[in-house]
Amino acid sequence: MSQQPLFGEEAVAGRVSPPEPGLYLGTSGWSYADWEGSLYPAGLAPQGRLAEYARHYTTVEIDSTFYGIPRRSTVERWRGISPEGFLFAAKFPREITHERRLAGAEGEARRFVETMALLGDRLGPLLVQLPPSFDVEGMGVLEDFLGSLPGGFRYAVEVRHSSWLRSGLAELLRERGVALALVDRPGMPRMEEATAGFVYIRWIGDRREFPSHHTAPRRDRREDLRWWAERVRGFLEEGREVFAYANNHYQNHSPTTLRQFLEVYREGRGG
């Protein structure tokens with residue numbers, strides 16, 4: 001049996017609204033056959049998953065863009081399928097972030113942004129996910145890269161090397177209005193500093209712990225989510241929008257992560 005929509009009974013056909021004003025909750029990707037019977041009806045065709053997904057959530061982080069810039073026709077199809085109020089976040093391709101390590105990638109980055117701009121009012125933040133080996137020595141490269149990006153879009157940067165923790169990264173991002181991605185994953189401490197008018201959160205977990213068969217939760221993360229709920233409440237009170245995405249590797253079943261987060265968030269506010 002599929003789950004009830006997170007945004008509740010007030011949603012109307014053709015339009016979705018966040019479960020709380022300014023709070024966009026979604027998963028990292030949507031094309032998972034493992035979710036049949038929990039989020040998706042059994043036997044749902046792969047091409048029908050996005051439309052069904054958008055009945056439950058108001059945003060999604062596109063994982064497939066990490067592997068290459070999508071076709072313009074694909075992006076236009078995503079826009080056509082999604083309801084008004086739905087927002088897509090997307091990762092910059094790995095050719096830019098991992099292979100070229102941002103250097104000399106300005107043209108490819110611009111092409112990516114221009115392609116994703118076809119989403120129009122369905123476009124949310126764009127994520128620059130740096131590889132674990134990209135340390136603080138690349139600060140200048142990152143600064144130049146951010147300065148070359150087209151204006152008028154929301155960008156977030158995720159770092160995966162501990163050397164960034166004692167650097168001027170937050171100041172750099174704040175000056176450019178870029179969000180520091182706040183992650184929950186092994187090897188990096190939790191960060192809670194907002195550097196832009198919106199916040200980008202990723203509940204990532206450990207791929208080695210839950211490599212496959214993402215059909216149901218296999219780890220209790222309620223206390224972790226309660227910690228995050230307190231931070232999210234503070235961000236929203238400051239007037240920032242929050243985009244938070246759950247990966248299957250966090251507790252083996254992203255839809256459960258989102259539902260549990262919303263439960264503890266509402267418990268904390270007394271609602």
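**Salt bridges, pair by pair**

Mentor: Happy to! A search of the whole structure finds 26 salt bridges, each being a side-chain nitrogen of Lys or Arg within 4 Å of a carboxyl oxygen of Asp or Glu. The model is predicted, so local features need pLDDT of at least 70 and side-chain atom pairs count only at pLDDT 80 or more, while totals for chains, interfaces and linings use all residues. Residues are numbered from 1 along each chain as its sequence is written, and side-chain values use heavy atoms, with hydrogens and water left out.

Let's begin with arginine 49 and glutamate 36, whose side chains meet at 3.9 Å, N to O. This pair links distant parts of the chain, 13 residues apart: arginine 49 is in helix 1 (residues 49-53), and glutamate 36 is in the loop between strand 1 (23-27) and helix 1. Helices (H or I, at least four residues) and strands (E, at least two) are DSSP runs, numbered from the N terminus. Arginine 49 is buried at 7% relative accessibility, whereas glutamate 36 is partly exposed at 30%. Buried means under 20% relative accessible area, exposed over 50%, and partly exposed in between (1.4 Å probe, protein chains only).

Next, glutamate 193 pairs with arginine 174, with 2.6 Å between the closest N and O atoms. Glutamate 193 sits in the loop between strand 7 (182-184) and strand 8 (198-203) and arginine 174 in helix 6, so the bridge ties together parts 19 residues apart in sequence. Glutamate 193 is partly exposed at 37%, and arginine 174 is partly exposed at 39%.

Finally, Glu61, Glu158, Arg160 and Arg202 are joined in a network of salt bridges.
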